[in-house]
Amino acid sequence: MFTFDLAESGRDGGKDRLQDLECVDAEKIVKMSETGKICTPEDDTPPLDMSPVMSDGGRWIDIRMCGCCGALRPRYKKLVDAIFPEDPQDGLVKTNMDKLTFYTIRAPEKLDRVGEYLAQRLSRDVSRNRKGYVVIAMEALDQLLLACHAQSINLFVESFLKMVSKLLESRDPDLQILGSTSFVKFTNIEEDTPSYHRRYDFFVSKFSAMAHNNNQAPDVRIKVRVAGLRGLQGVVKKTSSDELQVNIWDKVHMDKIVPSLLYNMHDEDSPSPSPSDDTQHASQHQDTTRPTTVAETCLRDLVCRAAFGSIKSVLKPALCHLDNHQLWVPNRFAVKCFKIIMYSMQSQYSHVAIQSLLSHLDDHTRDSARIKASIVGVLRETVSIAAAGSIGPSVLEVFNTLLRHLRLSIDYQLTGRRGSQGSVHKQPINEEEEKLFQEAIITTVGAFATILPDYQKIEIMMFIMGKVPIPPQDGGHNMLSATGVQGLIYFQNLRPNFSQEEGNLLLQNMLLKSLHQVALAYTSVSMTTTFTSTAFLDPLLRVSLVADVRVRLIVQQILHTLIDRHGNCEKLEKIRIPKYINDLDLKVEKCSRQDLAFMRKHGPQFYSMLYENLLQHDNSDENFHAIYCTMALLCVELGGEDVLVELLRLTLGLQEIACKPQEENDLSTPHICKLHAVLAAYLNLISQLTAIPALCQHVTQVLETRKQEAPYFLPETTFLEGDSLEQVTLPDPVNTNLLFHQNAINEAMASSGHEVSRLSQPFVPLRSDFPSQSRYSMDVQSINIEMDQVDTPGRERPSFRACSLVKHPGEEITFETLKKTLTEKTPDAEDDEARRREVVEKFQNAPFEEIAAHSEARSQQLNNKLNEIMDMVSKPSVDASGRVVSLSGPFQVKSVPVYEMQFPDLCVY
């Protein structure tokens, strides 16, 4: 008796299943038994438990035993069995495979049954360790996947994924590699109707485990790892393109995928390719099969597919992996990883990586300085790759984070301990490591500035300058100085060898170095644009006068960078007297009107700063060179007529200080010699730039005299001898032939048409708090204005002194005094109120003729007073002896009464 079970199809589907039976009597079977079996008796009499359904020539056929008869098996099973040869080494039977492919294409509804049957055979072969037949089954599945694109392929894929899972669960490396290879082929197929209920959690876990394989055989280990990495790449490729698929960017998946990639990238056991030219082709092939190379490719593909909301899902596991495996020191591998990430991600998302690194730096605040320096180094390399302006919307927050860590590092260096302020357990620090960390931050600040537009660089410089501690004008320790910038900082729990002043100087040094790095990245166009706010210029000039030599030098270097616009700084950084100015190859252009206006407003601050800097007792040779370079750049870049005259006044004023008698001069002999040398080189530069013959002749004559009589007044000698200047005996007084004469300079400048009236005025610097002063400062105590008010006839009016400012001995005029004076009621307040009521009542009740007469009389009195003033203006000035004094020089004009002047018609209204 032959039977055929219809449990899967049900009774209604029995007819369809019977169509697959290849026998003569199959089409004649029309009746189903009560037990769900279709049968045909083979004997002359029907079986006892079934009714006969067909008789053919007196022979009954029962099909309840169809497994014993191949002719009654379903056709898809026969086609599947036909692709397997007797000897597995012969491989897949291609002709039969073509038949199976054609069959599944003609009848796509059979595809799921084909897959299920193949899965059954593969499970049996895997359990029996028949690898040959397993390979054939997987090859057949791959070909069917590529050939069939029907909607019912989802059911076939489920069987396929079960078979891949079966292979991956095997302990045999070959079967694991085979399963991974088949899965990668599957991921390359684009499904017409994706299945959103499909899960890939098992594959992510299994492929990650394969990527960490530690088989003792190197070849097997490499192959398994490569297979696992490619499987992970396939999972990402299959799921990342469709948002409705499983979210591969979830933390549970990324925590497995990203560490697997980084683990293989950092694996040092992988064989390196041979550098020989003869084996170049073999090396390239070997390089594509190395886990390191495959992992890098997978990481690039993963980051490239990540959208804006998914970038952090990749970055966080990467940072955690570097922490867990202590890969920050040295940071070569970390730099390599983030370079791959930055080059792979979309440029508009670059700021996400930068912000992630900054946040990670915050998490390591209490770690060692070496780790933090390595993170900052990675940040610097990352920024250099980022596109312009890709720091993100919060630019100041980025710099604020870096400067906060710089301040913390200085605190750790001063206190000698690392930890929070109230923490009991504080770790000792390594001072050298802290210095390296500080230098790394400063360099990173400059790297950040390079990718910013210029207008943001100005804001950053102002922001940094606002954090520089500047001593207040009163010499106290206020947190805010008079200009509103940060004052001196009070550090707690300092080490015995550090003081508060040293702490502030160290913080000034580091912040100004950061500011210098930003200035190096800035391209100066106009002084008005560069120093757009006094909140930047005033503190910068004030901090140039602090006690520390290094801080003053950094400020001069910042000014060099901001003033120099034509690359002249390198040519003027050394004090020298060239015979011909063309040897310096300076690039000089005409100063713009905006720069001239800027120097008219802020020039006195620059001149006073240079004056006081040159007179600092502890100046080193570097300081003298830097100050000379600043003076030279002002002449070259901003050398208008007014600026040139003021610079000459500055030079002559400094020469006068240097020529004071020794008992009145507190400068040392080397300082005086260097000051004379700086002024000589500077006047030589001005004379050759202006090309005024008389000025060049005078300067050359003085220089020749100094070469013969006083070589210690020349830079070639002064800045080379060093300590030997202590033994020089200066003439007292200095011979006039060795000095530059004001009269000769005046005549030379006047001969070229320059205005020399201010040259005769001695140079007087502004006070040390000049940044907060106005250009035209005024002494409040000198205000003494008397005015006579004309009132009604017969009423006496006392003389009025402006603001009633009568200074008593020991009284200071302050804001409170002025406020009290203005708000205080005068003793005559009641009289003034009575007079006001009287005037109002008069205009309300008096007749019109009386009011008109009163107004006419008052107008006549005002007219007489105006005529008196005009007569006084038109009369010539008379001195005490009665002689008429006439104006001379450029200000001489012909005195004409104002009321007799003829004005153009356009000016008369």
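Visitor: What counts as a helix here?
Guide: A helix is a DSSP run of H or I with at least four residues, and helices are numbered from the N terminus. The model we are looking at is predicted.

Visitor: OK. How many cavities of 30 Å³ or more does a search find?
Guide: Searching the whole structure turns up three of them.

Visitor: Take the second largest cavity. How much space lies in it?
Guide: About 40 Å³.

Visitor: Which helix gives the largest share of its lining?
Guide: That is α9, with four residues of the lining. Helix α9 covers residues 218–240, and α10 and α12 also supply at least two lining residues each.

Visitor: And which residues line that cavity?
Guide: The lining is made of L229, L232, Q233, V236, I257, L261, C298, D301 and L302. Sorted by class, seven of these are nonpolar, one is polar and one is charged.

Visitor: New topic, α13. How many residues does it have?
Guide: Helix α13 has 14 residues, 311–324. From first C-alpha to last it reaches 20 Å, close to the 20 Å expected at 1.5 Å a residue.

Visitor: Which of its residues are buried?
Guide: The buried residues of α13 are I311, V314, L315, P317, A318, L319, H321 and L322.

Visitor: What covers them?
Guide: The cover includes α10 (251–265), α12 (291–305), α14 (332–344) and α15 (350–363).

Visitor: What follows α13?
Guide: Q326 follows α13, and the phi of Q326 is positive, near 55°.

Visitor: Now H364. Where does it lie?
Guide: H364 is in the loop between α15 and α16, the latter being residues 369–385.

Visitor: Buried or exposed?
Guide: H364 counts as buried because its relative accessibility is 10%, and the cut-off for buried is under 20%.

Visitor: What is H364 in contact with?
Guide: Setting aside neighbours within four places in sequence, H364 contacts D323, I371, K372 and I375. H364 and I375 are 11 residues apart along the chain, with 9.3 Å between their C-alpha atoms.

Visitor: Last topic, the largest nonpolar core. How many residues does it have?
Guide: It has 224 residues, and L512 and F606 are those with the most contacts inside it. Helix α28 (residues 669–690) gives the largest share of this core, 12 residues.

Visitor: What does F606 touch?
Guide: Not counting residues up to four places away in sequence, F606 touches L537, L541, L559, I563, F598 and L634.

Key: Residues numbered from 1 in each chain as written. Predicted model: local features only at pLDDT ≥ 70, side-chain atom pairs only at ≥ 80, totals over all residues. Heavy atoms only, no water. Core = buried A, V, L, I, M, F, W, Y, C linked by side-chain atoms within 4.5 Å. Buried < 20%, exposed > 50% of the residue type's maximum accessible area, 1.4 Å probe, protein only. Contact = heavy atoms within 4.5 Å. Expected span 1.5 Å × (residues − 1). 1 Å grid on protein atoms, 1.4 Å probe; cavity = no way out; pocket = protein on both sides within 12 Å on 5 of 7 lines; lining within 4 Å. Points joined across faces, edges and corners; volume = space filled by probe spheres on them. Nonpolar A, V, L, I, M, F, W, Y, C, P; charged D, E, K, R; others polar.
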